[in-house]
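Reader: I have a structure open and have not looked at it before. Can you walk me through it?

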Amino acid sequence: MNANPDIKTADSEPDWDAARTRFPVLEAKTYLNSCAYGALATDVNEAFQRYLNDRLEKGTDWAYWVERNDCVRTAVADFLGATTDEIAVTTSASAGINSIASALKFEGSRKKVVISDYEFPTSAQIWYAQEARGANVVRVAEKDGYIPVEQFAAAIDDDTLIVAVTQVCFRHGARLDIPAIAEIARKKGALLLVDGYQGLGTIDFDVHTVAPDFVVGGMLKYLLGTAGIGFLYVRQPLIESLVPTVTGWFAQSDIFAMDSTRYDPASNARRFEMGTPPVPNCYAAEAGLKILAEFGLPAIERRIFELTASIVNEVKSAGYTLAVPDNPERRGAMITIRSHDEFALVAALDSQGIVTSSRNGNLRISPHFYNNQDDIDTLFRALRQQKHLLV
Ligand SMILES: Cc1ncc(COP(=O)(O)O)c(C=O)c1O
């Protein structure tokens with residue numbers, strides 16, 4: 001992904017203060033909750049408005065709407081270093097995982113699905129649902145606050161059909177060593193699916209470097225779009241060997257043939273799509289991805305690293321307990337701290353205009369490039385007043 005030179009400052013980093021003005025919520029709130037929902041950019045707001053205006057002025061415009069869907073496909077392909085033929089535009093990460101699961105056969109000796117303790121419920125549940133079709137789901141356990149790669153090496157074997165793991169855990173922000181897991185899966189002849197929902201948009205990720213077989217994600221968090229739209233990447237050589245049984249008319253080789261007499265899946269990753277695309281969400285997702293392309297993922301990753309390093313330092317100097325690993329290579333954009341009462345803590349912060357979230361006893365602090373040190377200072381001033389809620 002190339003950064004636009006026009007937005008570079010003299011020291012060649014983007015002007016983050018200027019970027020911040022494109023997210024109006026930041027004027028009203030200290031918004032540190034991008035792991036739950038990214039802040040709404042004026043560009044994305046305008047994109048939604050454009051959709052409504054198009055509806056008011058033109059009524060229907062299917063050719064243009066299919067083009068919007070294809071623009072999202074192209075933007076996701078650019079973002080991942082993939083080709084457009086390798087991208088399905090879905091309505092959720094679940095839709096992409098289900099499509100792949102439906103195309104797999106759990107037969108012979110390769111029936112094992114390796115997941116981990118870090119999975120978002122949907123990605124674990126979908127694989128457990130495949131047990132009715134013969135899958136044998138094995139869950140790699142967390143040990144001493146992390147899942148080291150050796151745990152995956154012990155679980156992935158010649159019986160493994162697919163390894164389906166998250167990039168960053170939604171509960172505490174621990175980041176798995178995906179390149180190392182990919183290498184283990186490859187050596188054992190197993191497929192690898194990465195759930196990038198909590199990582200993509202914050203970590204520069206190129207499918208040629210990591211070489212996963214599948215990647216799923218969604219647009220509502222760090223990709224700055226909206227709920228109701230996601231994507232699935234499928235590595236080119238695999239596409240035609242996978243025939244999804246969860247399907248629909250937008251997955252057919254000629255959508256508008258309207259042929260009700262047979263199933264004729266597209267030769268590219270569109271075969272993993274289903275019904276009518278989420279048209280308004282395509283407008284929004286396109287606008288969100290455009291912002292990321294403008295700044296470039298390497299700069300965004302550097303910016304987030306600076307912010308998360310500062311948060312970790314504040315946590316340590318205040319004597320709070322980190323729930324995410326301290327090692328920067330083992331965490332993403334979400335920093336978590338232990339709380340005696342996470343709900344009371346989130347509510348107390350909210351009453352001071354500070355937006356965070358929680359999971360499993362952890363306060364989740366999740367900056368994006370649009371946050372700054374003032375946001376972090378505001379948060380830690382407020383946390384000092386809530387010390388009794390922190391471990
Ligand atoms: C890691 C991860 N995977 C998946 C999802 C959501 O999946 P879906 O788009 O199917 O709702 C989330 C949402 O929070 C998530 O954090």
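**A first walk through the model**

Author: Start with Met258, which sits in the loop between strand E8 (230-234) and helix H10 (279-295). Helices (H or I, at least four residues) and strands (E, at least two) are DSSP runs, numbered from the N terminus.

Reader: Is Met258 buried or exposed?

Author: Met258 counts as exposed because its relative accessibility is 55%. Buried means under 20% relative accessible area, exposed over 50%, and partly exposed in between (1.4 Å probe, protein chains only).

Reader: Which residues form a nonpolar patch with Met258?

Author: Trp249 and Phe256 form the surface patch with Met258, and together they have about 340 Å² of accessible area. Patches are made of residues with over 30% relative accessible area and no salt bridge; like charges are joined within 9 Å, and nonpolar side chains (Val, Leu, Ile, Met, Phe, Trp, Tyr) within 5 Å. The areas come from the Shrake-Rupley method with a 1.4 Å probe, and for residues only the protein chains shown count as cover.

Reader: What kind of model is this, and how are residues numbered?

Author: It is a predicted model: local features need pLDDT of at least 70, side-chain atom pairs count only at pLDDT 80 or more, and totals for chains, interfaces and linings use all residues. Residues are numbered from 1 along each chain as its sequence is written, and side-chain values use heavy atoms, with hydrogens and water left out.

Reader: What is the average pLDDT?

Author: The protein averages 96, and 97% of the residues score at least 70. pLDDT is the predictor's confidence in each residue, from 0 to 100.

Reader: Where does pLDDT stay under 50?

Author: Over residues 1-10, for which the model has 23 contacts beyond four places in sequence. Contact means heavy atoms within 4.5 Å. Where pLDDT is low, the predicted coordinates should not be read in detail.

Reader: New topic. How many salt bridges are there?

Author: A search of the whole structure finds 18. A salt bridge is a side-chain nitrogen of Lys or Arg within 4 Å of a carboxyl oxygen of Asp or Glu.

Reader: Which residue does Arg68 pair with?

Author: Arg68 forms a salt bridge with Glu286, with the closest N and O atoms 2.7 Å apart. Glu286 lies in helix H10 and Arg68 in helix H4, so the pair ties together parts 218 residues apart in sequence. Arg68 is buried, with a relative accessible area of 8%, while Glu286 is partly exposed at 21%.

Reader: And Arg22?

Author: The side chains of Arg22 and Asp43 meet in a salt bridge (2.9 Å, N to O). Arg22 is in the loop between H1 and helix H2 (25-28), and Asp43 is in helix H3 (residues 42-58). Arg22, Asp43 and Glu294 are linked in a network of salt bridges.

Reader: What covers its buried residues?

Author: The cover includes helix H4 (62-80), strand E9 (335-338) and helix H13 (373-385). Among the buried residues is Ser310, which has 14% relative accessibility. Ser310 touches Gln373 and Ile376, not counting residues up to four places away in sequence.

Reader: What follows H11?

Author: Gly319, whose phi is positive, near 80 degrees.
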